[in-house]
Amino acid sequence: MKKKLGILLGAVMLGMLALTGCGDDSGTASNKDIKILLVLNQMDSFRETLVAGARDTAESEGVQFDFKDAEGSIENQVDYLKAAKREGYDVILCSPVSAETVVELKASAGDIPIVFINSCPDEKQLKEGKYVYAGSDEYVAGQLQAEYVLDKLAGRQEIHVVLLKGEKAHSATDGRTKGVKQTLESSGKTINYVFEDYADWDQGLAKHLFETFLRTGSPVDCVICENDSMALGVIEACKEAKIDLSALPVLGVDATADGCAAIKNGEMAFTVYQSGVGQGEAAVNAAVRFAQGEPVDSLEGISEDGKYVWVPFEKVDSTNVSQYSN
């Protein structure tokens, strides 16, 4: 009887071990079964780093990662999201072509959770556990630029500002503009925006617009550009016009390789590091949690309301630019 009991207990223990083993394998298998699709609005140098960060993180997590570039077309983006629904993707990472299309994008994706990246939807379009934004707080980028200007020109009561903005419908443009203006205007100084226009993140257009401004002969104390490409366009125009860049601070955002090189050369005064790799990593980490049915409240950078995963901006100038460039 004891022998039979021992055999029976051994069988039970083996069964329990087998079940435990299956539980461990299922965790790995479930990750391998997760399918994530990133649908970009349009590729550029910064978004290349974001995609790379997302792809590398997905690979380390052992999940399937696919990528589509909408090439600036809302129609393409909608089609890609509809296809994701048909093809059984678990989570979509999406950088909207326009923030105004978010309702249509959500409808196209059906029940698939979406982690928005690069262009932030209106807060009312976000929902904890279903629709979140992974990125950097764009207001802070503008705030840091304005703080640099106020420190650099601390002795002046009146400051003449040229402000070149990004794409009109982009959330980064709105956030960075608000950060710049509210910080400058709360200083108590007289702030004159002697020229302000949308340069659409484009170096050539920024150069053209600044050349147009120069022909007016208006005074200018600083040029605030909402990305490095536009700042580099302004720098080109200044060089051709023989303007002393050491006396005219030109500011950008992103800390791209070219932007950092311009700071090292004494041509650009300041930029703000935006981690595309960090944003891609944060987006995939949130996506994996969604796919596993787990909460995101323990993710680094998660907001109290669970709608945002923030990746911090960092100040870059001549004192620390070597840390951000090769």
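Colleague: Is Trp201 buried or exposed?

Modeller: Trp201 counts as buried, at 13% relative accessibility. Buried means under 20% relative accessible area, exposed over 50%, and partly exposed in between, with a 1.4 Å probe and protein chains only. Please note that this is a predicted model, in which local features need pLDDT of at least 70 and side-chain atom pairs count only at pLDDT 80 or more, while totals for chains, interfaces and linings use all residues. Residues are numbered from 1 along each chain as its sequence is written, and side-chain values use heavy atoms, with hydrogens and water left out.

Colleague: Where does Trp201 lie?

Modeller: Trp201 lies in the loop between β7 and α7. Helices (H or I, at least four residues) and strands (E, at least two) are DSSP runs, numbered from the N terminus. Trp201 has a positive phi of about 70°, although it is not a glycine. Most residues other than glycine have a negative phi.

Colleague: And what is the phi of Asp200?

Modeller: Asp200 also has a positive phi, of about 60°, and is not a glycine. Asp200 is found in the loop between β7 (190–198) and α7 (203–214). Asp200 is partly exposed, with a relative accessible area of 37%.

Colleague: Which strands belong to the sheet with β7?

Modeller: Four strands form an open sheet in the order β7-β6-β8-β9, with parallel pairing. Two strands pair if DSSP finds at least two bridges between them. β7 and β9 (250–251) stand at the edges with a single partner strand each, so one side of each is left without a neighbour in the sheet.

Colleague: How many bridges join β8 to β9?

Modeller: Two bridges join β8 (residues 222–225) to β9. Val223 has Val250 in β9 as its bridge partner.

Colleague: Where does α7 lie?

Modeller: Helix α7 lies across β6 (158–165), β7 and β8, and runs at about 130° to β7. Axes are lines fitted to C-alpha atoms, for helices over the stretch in contact, and angles run from 0 to 180 degrees between N-to-C directions. Contact means heavy atoms within 4.5 Å.

Colleague: Let us change topic. Which strands form the six-strand sheet?

Modeller: That open sheet has the order β2-β1-β3-β4-β5-β11, and the pairing is parallel. Its edge strands are β2 (64–69) and β11 (308–310), each of which pairs on one side only. Neighbouring strands of this sheet are turned by 20° against each other on average, direction ignored.

Colleague: What packs on it?

Modeller: Helix α3 (residues 74–86) packs on the sheet and touches β1, β2, β3 and β4, with a direction at about 175° to that of β1. Helix α4 (residues 102–109) lies across β3, β4 and β5 (131–135), at about 145° to β4.

Colleague: How do β3 and β4 pair?

Modeller: β3 (residues 91–94) and β4 (residues 114–117) pair in the parallel sense over three bridges. Ile92 stands opposite Ile114 in β4.

Colleague: Is Val39 buried or exposed?

Modeller: Val39 counts as buried, at 0% relative accessibility. Val39 lies in β1 (residues 35–40). Leaving aside neighbours within four places in sequence, its contacts include Tyr80, Leu81 and Ile92.

Colleague: Lastly, how many helices and strands are in the protein chain?

Modeller: The protein chain has 10 helices and 12 strands. Of its 326 residues, 50% count as buried.
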